[in-house]
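Subject: Two-chain model, handover and findings

Hello,

Here is the structure for your files. My notes on what turned up in it follow directly below.

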Amino acid sequence: MPPPNTPEEGVTAPTSRPTSPIPYRQASPQPSSAIACASRGDSALEIDYQSLEYIGPVDDTLLCPVCRTPFHAPITTPCGHTFCAGCINRALEMQPTCPIDRQPINKTRDYRRLPLIIKDQLDRLKVKCPNTGCDHECSREHIEGHYERRCEFTLVRCPDAQCSKRIARRDALAEKGCMHRDVSCQYCDEAVTVVELDTHYDRSCSGATASCTECGATMVRHRLEKHKSQDCPEGQTRCKWHTAGCRVAEKRRAVWEHERSGCMFEAIGRLLQERAEDRKVIDDLVGRLAGVEIRTRRREQRRERRPETSPQQLGPALPGDMTIPDSSPTAATELRPIEVPAVFLGENRVWGSPEDYMLAQFERMDTQIEDLRKKMLEMDANQSLMLLQTNARLNEQLAELASKVGVLNMHTTWLMNMQRQNHTQQRATTTAGPVNPGMSRSGDAGATRESPENPIRYNGSGRRNSDGRGENPPRL
Amino acid sequence: MSAQFAAKRLAKELQKINNSLPPGIELVSADNLEEWLLDIRVLDNNPLYQNQTYRLKFRFGQSYPIEPPEVVFVKLPDRPIPIHPHIYSNGIICLDLLGQQGWSPVQNVESVCMSLQSMLTGNTKNERPPGDEEFVRANRLRPRDIEFYYHDNNV
């Protein structure tokens, strides 16, 4: 069994030969041979049907049980199960039984003819072109023609007969010659093959022009990064006073206008800058002082070392004293003034320079301290001025508040007096209440009498109001 | 071609597994198309395997699915080797479906897991295969190279 199956797996065309007696199979070889002839011209690669991408769901009954893809060149076994020709042949190599029901399959001649209705269903399935970049979609029966004859992305042989590489059909033009030769890029002098030239221009060539994605400006690609980080008016950036507390973070154009119009935090930012500069100066001075201290310590150490040497010098003088044992004390006193001037002279010469150096250092320190004092005074003055300004503002606000409070007090007192007057009037009206029925009893004359009395009373209240108003001015 | 065939088949299987799996089967890891790890549980009321989870390791060759994959139980601190008359203590499984003769290209990872679930569910003997210790000590063959004699049609 395996020997007959081996050649069938190699090429799909030979599989049709054993089935040539079947009339249906006789028709199929012809189109396949035609396709083979056409493909020889372009020598395009064959389609891998197991990798095709199908559009929409595919009926489970049309899937090969072995490769789980829609049947390709389906064959039906004697027991009635259908598989791809390649799949069943590969499976029979291992075991001559049906993969589904394990019925023995003796020879290829036992294969059955597939109903045409199933073939039509398979041919009508919609698929996508397997080439990357091509978005063509058609039925499965037409994908082979598209792939081998019309698709521009199919890899075909290079026009140059000597070159064995493959190239996309749309780039394979006889006039251009071999598309895999090296050429130098006209912008950056880099060696690139002709096929890769377009992608090189679009992606990696540093000398080619590119446009900013935000403002649309066109420039050379290797300047694009700097443009985006510093100059692009549409790029995002922050106000330069963000350290002082400004939170504006918009497009660079807007930020520029914001800074020109006067950022609220500009003054504070500048003050912070000045303080930073002052801090730097102070740090430098502190460093210098530390250096000076170190130097002074070193000189003190040197002074301590010199007294040690002077006794050594006095050492040889002692033997001189031995010459006069009788008058040794007087001799010593006499010898010392003789030697002392020389020693002092030498010491003076040696000490002169360090003393001068120390004096110079002290003078420098004094000048620096004076500078520091001046700056401290300036800082104090600035702070006092700021405090005065803020205090003045606060005092003004307090005065305003006090005046408002006074006005409110006057208004409240006036309102209270008004309410008191109203209460007194209400009491008067209540006392007049019982009198009214007596007057009504007198008759119409009483009614007429009552009407003029009421306006009189109202006029009286008006007078009192005017009196109250008269009282307001002196209080104000 | 055969290698691509196996890769394409496994890619389709993985896509289907990610969509849905039968109850009691879980995919643990499938970082590549050569070795997969799955967990299986016995959902029936078999007292031997109740509330237990077992780890399976699948190793696929270039000739999959024409040839069967290597399937063994993996021992982990929380994943014991099930006690079964046809499962050795080192995880090797004596099942004709996983052998050369019993395998079929129509089978897949799902069907193998379900067969193992059924194999465990149908067992009532709490014992290892006879000669388990000797086999584990002396075995030097890969699971695919062991030629088992499949004689038991009940367990």
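B:Glu13 and B:Arg9 are both buried, where buried means under 20% relative accessible area, exposed over 50% and partly exposed in between (1.4 Å probe, protein chains only). B:Glu13 forms a salt bridge with B:Arg9, with 2.9 Å between the closest N and O atoms; the term stands for a side-chain nitrogen of Lys or Arg within 4 Å of a carboxyl oxygen of Asp or Glu. Both residues belong to helix 1 of chain B and sit four residues apart, about one turn of the helix. Helices (H or I, at least four residues) and strands (E, at least two) are DSSP runs, numbered from the N terminus.

This is a predicted model, in which local features need pLDDT of at least 70 and side-chain atom pairs count only at pLDDT 80 or more, while totals for chains, interfaces and linings use all residues. Residues are numbered from 1 along each chain as its sequence is written, chains are lettered from A and ligands numbered from 1 in the order in which they are written, and side-chain values use heavy atoms, with hydrogens and water left out.

Other salt bridges

Over all chains, the structure holds nine salt bridges. One of them joins the side chains of B:Glu35 and B:Arg59 (3.5 Å, N to O). B:Glu35 lies in strand 2 of chain B and B:Arg59 in strand 3, so this pair ties together parts that are 24 residues apart in sequence. B:Glu35 is partly exposed at 32% relative accessible area, and B:Arg59 is partly exposed at 33%.

In chain A, the side chains of A:Lys128 and A:Glu53 meet in a salt bridge at 3.7 Å, N to O. A:Lys128 is in strand 3 (residues 126-128) and A:Glu53 in the loop between helix 4 (29-42) and strand 1 (74-76) of chain A, so the pair ties together parts that are 75 residues apart in sequence. A:Lys128 counts as partly exposed at 32% relative accessibility, and A:Glu53 counts as partly exposed at 48%.

A network of salt bridges links B:Asp39, B:Arg55, B:Asp78 and B:Arg79. B:Asp39 is found in strand 2 of chain B and counts as buried because its relative accessibility is 4%. Its side chain makes a polar contact with that of B:Arg79 at 2.8 Å. A polar contact is a pair of N or O atoms within 3.5 Å; within protein, one must be able to donate a hydrogen and the other to accept it, and residues adjacent in sequence count only if both atoms are side-chain atoms. Neighbours within four places in sequence aside, B:Asp39 is in contact (heavy atoms within 4.5 Å) with residues including B:Gly24, B:Val28, B:Tyr54 and B:Arg55.

Chain B has three helices and four strands, running α-β-β-β-β-α-α from the N terminus. Of its 155 residues, 47% are buried. Among its contacts with a separation of 6 or more, 60% are between residues 24 or more positions apart.

The largest nonpolar core has 30 residues, and B:Trp36, B:Ile40 and B:Phe58 are among those with the most contacts inside it. Such a core is a set of buried Ala, Val, Leu, Ile, Met, Phe, Trp, Tyr and Cys residues joined through side-chain atoms within 4.5 Å. Helix 1 (2-19), strand 2 (35-41), strand 3 (53-59), strand 4 (70-74) and helix 2 (109-121) of chain B each supply at least two residues of this core. Helix 2 gives the most, with six residues. Apart from this core lies another, of 29 residues, among them A:Ile75, A:Phe83, A:Cys98 and A:Leu122.

Chain A and the interface

Chain A has 14 helices and twelve strands, and 24% of its 476 residues count as buried.

How many residues of chain B are in contact with chain A? There are 16, and they touch 17 residues of chain A. The area buried between the chains is about 1500 Å², 55% of it from carbon and sulfur atoms; buried area is the accessible area (1.4 Å probe) that two parts lose on being put together, summed over both. In chain B, B:Phe5, B:Ile66 and B:Val106 lose the most area to chain A, together 35% of what that side buries.

The rule finds one salt bridge across this interface: the side chains of A:Asp48 and B:Lys8 meet at 2.6 Å, N to O.

Regards
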